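Open the model in your viewer and follow the stops below in order.

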Amino acid sequence: MYDSVTSSPLKKVTILGATGTIGLHTLDVISQHPHRFSVFALAASSNVTSMFVLCKKHAPRYVVMLQEESAKLLAEQLKNIGSKTHVLHGQDALNFVSAHEEVDTVMAAIVGAAGLQPAMAAAHAGKCILLANKETLVLAGSLFMQAVNKGGATLLPIDSEHNAIFQVMPKAPGRQTGTLASIGVKRILLTASGGPFRNASLEELANVTKAQALNHPNWVMGPKISIDSATMMNKGLEVIEAHWLFNAEADQIEVVVHPQSVIHSLVEYIDGSVLAQLGNPDMRTPIAYGLGYPDRLMSGVSSLDLLKTARLDFVAPDIQRFPCLKLAYDALKAGGTAPAILNAANEIAVEAFLAEKTGFLDIPNVIDAVLSGAILEQVESIEHLIAVDQQARKATQQWLSSH
Ligand code: NAD
Ligand code: MG
């Protein structure tokens with residue numbers, strides 16, 4: 001099928017994590033460009049109600065639910081309305097719709113380490129990968145980048161900061177083999193909103209509730225990344241993400257707290273030029289950039305009103321109150337399996353906080369304890385990383401149940 005306006009073929013898109021915040025924003029942008037995109041597959045964990053609505057609207061060829069029960073329920077509901085969508089379930093099905101030969105673009109927007117395997121499948125199959133799932137790069141950065149290069153995939157960062165950096169960088173990530181200096185870049189300035197507790201004291205942080213932590217001042221996001229933003233682990237994960245995407249060393253990535261979230265990140269060149277990307281905090285901008293690349297597409301995001309914004313503030317992050325940021329820098333510098341352990345411990349700690357089984361400050365405490373107690377190794381294979389991930393999850397659960 002061809003787009004009658006641009007006479008270019010319709011891009012077939014698989015959306016992993018379709019019922020989540022990024023997935024829904026992606027479908028919103030796609031809906032604005034029916035002549036450019038067709039939805040090939042939608043995938044999610046277990047939210048049948050939401051997936052049914054999406055299938056009715058977008059009529060994908062395939063839908064994948066991780067849970068078999070959810071798939072059965074969805075298949076029944078779709079059958080009742082005469083839908084032609086094929087319903088699949090399980091991990092292999094996630095990989096199938098990510099690597100299918102008809103697919104052009106894969107939006108990787110599953111949350112957490114669960115997003116790794118389908119993202120790897122898309123990389124091996126040489127797809128255009130729109131990477132929202134930063135945990136893939138934290139857990140398996142070296143193996144994932146190898147798979148991207150070997151598979152001939154195109155990797156476009158969707159995380160707003162990395163998308164901003166990509167937009168002002170001279171070369172595309174994934175293909176950049178030289179150092180930052182070799183392309184005239186001195187350093188990357190990663191902006192952070194500071195989250196809902198930017199001005200909270202340590203005493204106040206000890207008692208914050210789940211509802212307070214989920215209430216991000218600038219962005220609407222899923223629960224896991226919202227808690228990561230509140231602890232600033234999100235920025236730590238993003239430092240590691242930037243390392244892999246842009247071939248940047250830890251000391252070439254500086255985090256700057258910028259509460260307005262208008263400047264999405266900056267790149268400093270060796271001649272003193274600093275280039276930034278600005279815009280309203282709305283994920284449809286980086287998503288539209290990824291979907292249309294190298295063209296620009298309308299996203300539905302309103303114009304930035306600089307007069308209304310009036311001022312842009314910058315402060316240094318405080319690692320006393322937000323130790324997760326330092327833990328992530330340390331894991332990046334330690335290398336090997338350290339970032340995978342950091343990521344796994346963080347996922348379990350955040351899950352426990354969301355279940356109201358642990359306090360906010362226990363999140364950095366348990367991650368620190370698990371990393372200190374682990375024997376770090378060189379990364380050998382995906383199977384090795386998955387075993388390390390499982391072991392770190394167990395160690396985190398043990399620490400949490402004994403404290
Ligand atoms: P979310 O919680 O809103 O959505 C997560 C989606 O993943 C849901 O569709 C869920 O069904 C699916 N999912 C979860 N576990 C799964 C599994 N095991 N198998 C299949 N599907 C599974 O999360 P979100 O805010 O959309 O974030 C998604 C990813 O994008 C995260 O990695 C996050 O860090 C990243 N990201 C999000 C934002 C944002 O603004 N929301 C910004 C930058 C990066
Ligand atoms: Mg981000």
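**Stop 1: two domains**

Domain 1 and domain 2 bury about 1500 Å² between them, 67% of it on carbon and sulfur atoms; buried area is the accessible area (1.4 Å probe) that two parts lose on being put together, summed over both. This is a predicted model, in which local features need pLDDT of at least 70, side-chain atom pairs count only at pLDDT 80 or more, and totals for chains, interfaces and linings use all residues. Residues are numbered from 1 along each chain as its sequence is written, chains are lettered from A and ligands numbered from 1 in written order, and side-chain values use heavy atoms, without hydrogens and water.

Select Lys134, Val138 and Pro157: they supply 41% of the area that domain 1 buries against domain 2, more than any other three residues. For the extent of each part, colour 11–157 as domain 1 and 161–281 + 301–333 as domain 2; such bounds come from an automatic or database domain assignment.

**Stop 2: a salt bridge**

Now show the side chains of lysine 224 and glutamate 135, which meet in a salt bridge at 2.9 Å, N to O. The term requires a side-chain nitrogen of Lys or Arg within 4 Å of a carboxyl oxygen of Asp or Glu. Between domain 1 and domain 2 the count is 2 salt bridges.

**Stop 3: serine 160**

Is serine 160 buried or exposed? Serine 160 counts as buried because its relative accessibility is 6%, and buried means under 20% (1.4 Å probe, protein chains only). Beyond neighbours within four places in sequence, serine 160 is in contact (heavy atoms within 4.5 Å) with Trp219, His264, Met283 and Pro286.

How values were computed
Buried < 20%, exposed > 50% of the residue type's maximum accessible area, 1.4 Å probe, protein only.
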